[in-house]
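Please read the notes that follow with the coordinates open beside them. They are arranged as numbered points, each on one topic.

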Amino acid sequence: MRSPGPDTQIEVTEGDQPTDVKKWNPTIDTSIYINDQSQSISHRKIIRRWNRLSRLQRSIVYAVIVIAATVGVLFYTARETKPEEKSNINQLPVEPVKNLSLVNEPVAEPVLSNNKPAFEIEQNERPVFTGPTNAKQYAVVESFRHAWKGYKTHAWGHDNLKPLSGMPSDWFSLGLTIVDALDTAFIMGLTEEFDEGREWISKELVFTRNKDVNFFEVTIRVLGGLLTNYHYTQDEMFLKKAEDLGDRLMAAFNSPSGIPYSDVNLGTRTAHAPEWSHYSTTAEVTTVQLEFRELSRASNNPAFEDAAAAVSEKIHQLPKKHGLVPIFINPNTGQFLPHATITLGARGDSYYEYLLKQWLHTGKTINYLLDDYLTAIEGVREFLARRSMPNKYLFIGELLAGSEAFNPKMDHLTCFLPGTLALGHANGLPDWHMTMAEELMTTCYLTYKAHPTFLAPEITHFNLASATSDMYTKTADAHSLLRPEFIESLFYMYQITGNTTYQDWGWQIYQGLEKYAKVPNGYTSLANVKTEKPVQRDMMESFFLSETLKYLYLLFSDDRYLIDLTKYVFNSEAHPLPIHKS
Ligand code: DMJ
């Protein structure tokens with residue numbers, strides 16, 4: 001049976017939890033009466049003694065009471081205003097929504113108001129996940145269990161499930177859905193699912209196949225997933241697998257420039273550029289650093305971190321357009337493909353994300369990462385941020401390959417940006433970053449609301465000249481892979497601001513997923529979100545379990561710091577990694 005969708009609201013009563021009702025006992029309790037009597041006798045004694053005191057003695061008693069009360073008030077006030085480790089992010093001022101100034105606004109210097117020393121997580125401080133606590137979280141957990149069950153029944157050990165045909169699908173042959181989704185099961189408190197996944201990884205996951213895999217995808221999904229599971233459980237099995245995989249992935253860095261090749265053969269430990277090009281993708285080569293650094297820190301082997309950090313350092317040295325990078329880079333020369341597309345969507349996105357996140361992961365100690373991030377966000381405002389007509393919605397466009405002409409097109413992938421901007425602001429970056437984040441949240445939300453499915457298309461186009469509507473979706477771009485980016489940003493915005501509107505928006509989208517993407521064997525990608533009867537695509541991406549459902553679960557958490565952003569940084573595939581001191 002299909003679940004209800006946006007127009008059939010699922011009833012959620014927060015007070016549905018069973019209340020501890022105490023039973024009333026009509027028997028007279030005589031001890032209460034005796035207590036009352038003896039209390040009134042002792043009151044009379046106190047009054048008689050007080051009347052016998054001299055005026056001086058009474059004044060001393062008054063003075064003592066006044067001093068005690070003053071000390072008490074002072075102590076209480078001091079306690080209330082003391083910044084708590086946990087609520088640091090929350091206490092930063094968040095400006096109300098206002099319009100971002102796009103042209104030649106003087107750039108404010110960052111005020112690192114939250115530049116406190118980074119927090120290194122100790123074993124006994126790891127979060128304990130005890131499962132859902134409210135109806136919305138229970139619903140999301142049920143969605144995860146439904147997806148996991150379908151995958152387990154029809155595609156166990158394969159990369160993905162094709163939920164319509166009930167067939168498996170392989171890409172890297174690494175049991176991608178198990179490894180990618182496992183920490184979501186852990187965070188949701190699903191011990192049975194976690195145990196069966198752990199068992200498969202321990203017995204079946206091998207990296208010895210003579211097969212090319214994508215260096216970036218395997219790093220963020222498989223290496224990232226193994227490292228988070230290791231962090232949470234301290235189970236050495238996960239670390240051993242991660243070291244074996246990391247060792248094999250290191251082949252990608254064996255290029256003349258050290259910029260990794262896109263494809264690695266894990267079995268033969270060789271790497272090469274893709275068949276169709278000499279180039280690697282900029283976002284791919286710059287979105288492995290959190291994972292390789294974490295592997296080094298966990299295994300005490302600096303080689304992983306060194307190889308990946310050298311890539312960031314090299315790219316730092318390259319000329320850019322006000323911090324903005326072309327989407328292709330040559331691993332032989334170490335140079336960007338000149339005049340390639342500039343975008344915060346496909347192939348560009350996580351370059352910007354990892355500048356900030358690497359800076360946070362290393363306890364805000366690597367300054368060039370922050371500098372490059374700040375410059376890039378200024379570049380975004382200057383060259384890519386525009387307003388649509390007629391309603392002046394802020395969106396992020398692209399610069400076309402060759403001409404660098406502005407293209408008013410925004411990938412859904414770009415909806416990661418408001419979350420990242422909010423994270424930066426919470427860590428002391430300029431207020432206009434938060435203004436930009438809030439405005440982009442509205443725009444991304446509208447890309448969902450514009451469609452009867454309440455789901456967003458892969459790409460949205462915006463009108464710059466007078467038109468009846470601000471945005472439109474071309475049929476070729478109308479599909480949805482149930483991507484996580486906007487829900488990810490909702491999670492960041494909610495944890496950082498506490499504004500429950502972000503939860504409400506997430507719930508509307510969740511209902512769209514339930515109504516249009518849920519099928520008997522799981523959840524499926526859609527061919528067209530513009531129609532109430534969308535053609536379904538027969539693919540359940542691993543990131544739906546790893547990211548989309550995880551961020552929904554965290555968004556609806558009663559404890560909005562369930563995974564605290566002052567202690568953890570999420571990799572690009574939603575695997576939380578602990579923040580280090582340096
Ligand atoms: C995920 O695999 C990662 O978030 C990646 O960085 C971008 N695309 C997908 C999800 O959309």
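1. Basis of the note. This is a predicted model, in which local features need pLDDT of at least 70 and side-chain atom pairs count only at pLDDT 80 or more, while totals for chains, interfaces and linings use all residues. Residues are numbered from 1 along each chain as its sequence is written, and side-chain values use heavy atoms, with hydrogens and water left out.

2. The chain as a whole. The protein chain has 18 helices and 18 strands, where helices (H or I, at least four residues) and strands (E, at least two) are DSSP runs numbered from the N terminus. Buried residues make up 56% of its 582 residues; buried means under 20% relative accessible area, exposed over 50% and partly exposed in between, with a 1.4 Å probe and protein chains only. Among contacts (heavy atoms within 4.5 Å) between residues at least 6 apart in sequence, 71% join residues at least 24 apart.

3. The nonpolar core. A nonpolar core is a set of buried Ala, Val, Leu, Ile, Met, Phe, Trp, Tyr and Cys residues joined through side-chain atoms within 4.5 Å. The largest one has 152 residues, of which Ile201, Leu226 and Phe486 touch the most other members. Leaving aside residues up to four places away in sequence, Leu226 touches Val179, Ile201, Leu205, Phe207, Phe238, Lys241, Ala242 and Leu245.

4. A three-stranded sheet. Which strands form the open sheet, and in what order? The order is β12-β13-β14, with antiparallel pairing, and the edge strands, each pairing on one side only, are β12 (409–411) and β14 (471–472). Two strands pair if DSSP finds at least two bridges between them; β12 and β13 (residues 459–462) have 3 bridges, and β13 and β14 have 2. Met410 has Thr460 of β13 as its bridge partner, Asp411 has Ile459, and His461 has Tyr472 in β14. Ile459 and His461 point one way from β13 and Thr460 and Phe462 the other way, yet all are buried.

5. An enclosed helix. Helix α10 (residues 289–299) is largely enclosed by the rest of the structure, because 9 of its 11 residues are buried. Charged side chains are worth checking here, since the buried residues of α10 include Glu291, Arg293 and Glu294. After the helix comes Asn300, whose phi is positive, near 60°.

6. The largest pocket. On a 1 Å grid over the protein atoms alone, a cavity is a set of points where a 1.4 Å probe fits but cannot get out, whereas a pocket is an open set with protein on both sides within 12 Å along at least five of seven lines; lining residues have an atom within 4 Å of a point. The largest pocket has a volume of about 790 Å³, and of its 37 lining residues the closest to its centre are Phe216, Glu217, Arg221, Glu284 and Arg483. Helix α7 gives the largest share of the lining, 4 residues.

7. The second largest cavity. About 90 Å³ of space lies in this cavity, and of its 14 lining residues the closest to the centre are His412, Tyr448, Ser480, Leu482 and Arg483.

Technical notes:
Points joined across faces, edges and corners; volume = space filled by probe spheres on them.
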